[in-house]
Amino acid sequence: MMDDGGNDPPEKWEETFMKKRAFRTVLAFAFTLCLLAGITGAYAMEDVSGADYLAMRPVMDLVASAAISASDFPTVVSDEMSTLDQNFVTFFFSNGLKASLLGITDATLSDVALQEQLLKSVFSAKLPALDAITPVETSDDYTGFLPVKRETADNGDVYLIGEVYRGSMPIGQMSAVEYPTLAWEDRAIYTLSADDTALGGYRVDGFSVGSELLMEMQLQDYTNAILMEYINTKLGFSILYPSLFTDQYVIESADGASAALPDGSASFLIKRMDNASNATLDEYAWEMAAVAGDARVNINEMFSQVTIAYETEAGNSVFTVYVVTDDYIYMAQLAYPTNQSVIYSMYTEYLENSFVVNEVSVG
């Protein structure tokens with residue numbers, strides 16, 4: 001069964017998807033649901049190119065980094081009716097200093113006037129009481145935001161929807177071979193308003209991480225735009241895969257389905273096989289890793305699942321998810337040119353987290 005993304009995801013997929021995401025993020029407290037309420041109106045969703053909002057990239061990276069670092073619950077940033085969280089401010093400057101972003105220096109952390117000037121050039125929200133900041137311990141990873149889709153509201157506000165990532169450096173500075181090292185954290189949304197007096201030309205009116213369930217309409221539209229759904233009730237599995245593989249490219253077979261772009265550059269495969277050798281999860285994981293060669297292996301016992309990723313001598317990246325049960329082995333695979341990893345690598349997270357096998361998805 002193919003779904004063009006226009007319908008709501010099945011309850012089973014949503015439940016399992018959220019269970020898997022719970023390892024990294026948790027639901028926000030109920031009061032955060034009203035912070036960005038009332039966002040309605042017509043808008044059009046458009047792709048965001050690499051050059052779009054270039055001046056805002058450092059700002060968005062730092063806001064995302066501070067929001068993720070400041071609390072177990074990713075901090076929500078809102079508009080002028082709210083006040084920035086004090087802990088968020090501390091991490092905003094601490095992470096900015098460590099990553100050399102927005103001109104933040106040791107002097108900035110000790111000078112309240114400089115702090116106020118920078119914060120007012122970025123945010124619409126009111127400022128908390130400011131004081132000299134002692135840098136806090138932060139991760140060595142670089143946390144950033146990759147904008148993927150744009151929506152424009154009737155009032156001119158821009159919603160940038162994309163993915164929060166962790167890596168060794170900003171994604172714009174990475175080479176193609178470094179993209180597979182990225183860890184994709186979650187979906188996120190920025191609300192921006194054009195303002196010539198703001199740093200980068202836009203003022204941040206809102207930021208929330210996708211798992212916080214804010215702005216559900218925008219998140220659902222984003223999901224529908226970048227992903228397609230494949231459900232096979234007979235074989236007992238479902239998955240989300242890149243919308244680049246439209247229905248015309250998908251071929252169904254007795255054991256699943258496959259798709260490839262016309263130029264053969266990228267392909268997608270999902271199928272069920274008999275577990276003829278009665279292999280355990282660990283046995284099959286290392287058997288497939290040996291076949292792949294220099295592979296990255298991640299075994300998840302809870303979901304009877306393993307991911308195997310590697311690069312080929314021909315210049316392709318291959319990401320495969322296996323689910324191993326007593327009777328069957330379920331497989332989902334995405335292959336693409338390594339030099340196009342900035343386009344494809346974020347989909348591996350969706351592939352892994354949305355792969356639902358009925359045998360192991362009870363409850």
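1. Is Ser82 buried or exposed in this predicted model? Ser82 is buried, because its relative accessible area is 16% (buried means under 20% relative accessible area, exposed over 50% and partly exposed in between, with a 1.4 Å probe and protein chains only). Ser82 lies in the loop between helix H2 (57–69) and H3. Apart from neighbours within four places in sequence, Ser82 is in contact with Ala125 and Lys126 (contact means heavy atoms within 4.5 Å).

2. The model is predicted, so local features need pLDDT of at least 70 and side-chain atom pairs count only at pLDDT 80 or more, while totals for chains, interfaces and linings use all residues. Residues are numbered from 1 along each chain as its sequence is written, and side-chain values use heavy atoms, with hydrogens and water left out.

3. Helix H3 (residues 86–99) packs with helix H5 (residues 112–122) at an angle of about 100 degrees, and their axes are 12 Å apart. The two helices are therefore roughly perpendicular (65 to 115 degrees). In this packing, Val89, Phe92 and Phe93 of H3 meet Gln115, Leu118 and Leu119 of H5. The residues of this contact comprise five nonpolar, one polar and no charged.

4. Helix H8 (residues 341–354) has 14 residues, which at 1.5 Å a residue should span 20 Å; the end C-alpha atoms of H8 are 20 Å apart, which agrees. The expected span is 1.5 Å times one less than the number of residues.

5. H8 is mostly covered, with 12 of its 14 residues buried. Among them are Ser341, Tyr344, Met346, Glu349 and Ser354.

How values were computed: Axes are lines fitted to C-alpha atoms, for helices over the stretch in contact, and angles run from 0 to 180 degrees between N-to-C directions. Helices (H or I, at least four residues) and strands (E, at least two) are DSSP runs, numbered from the N terminus. Angles under 35 degrees count as roughly parallel, over 145 as roughly antiparallel, 65 to 115 as roughly perpendicular and the rest as oblique. Ala, Val, Leu, Ile, Met, Phe, Trp, Tyr, Cys and Pro count as nonpolar, Asp, Glu, Lys and Arg as charged, and the others, Gly among them, as polar.
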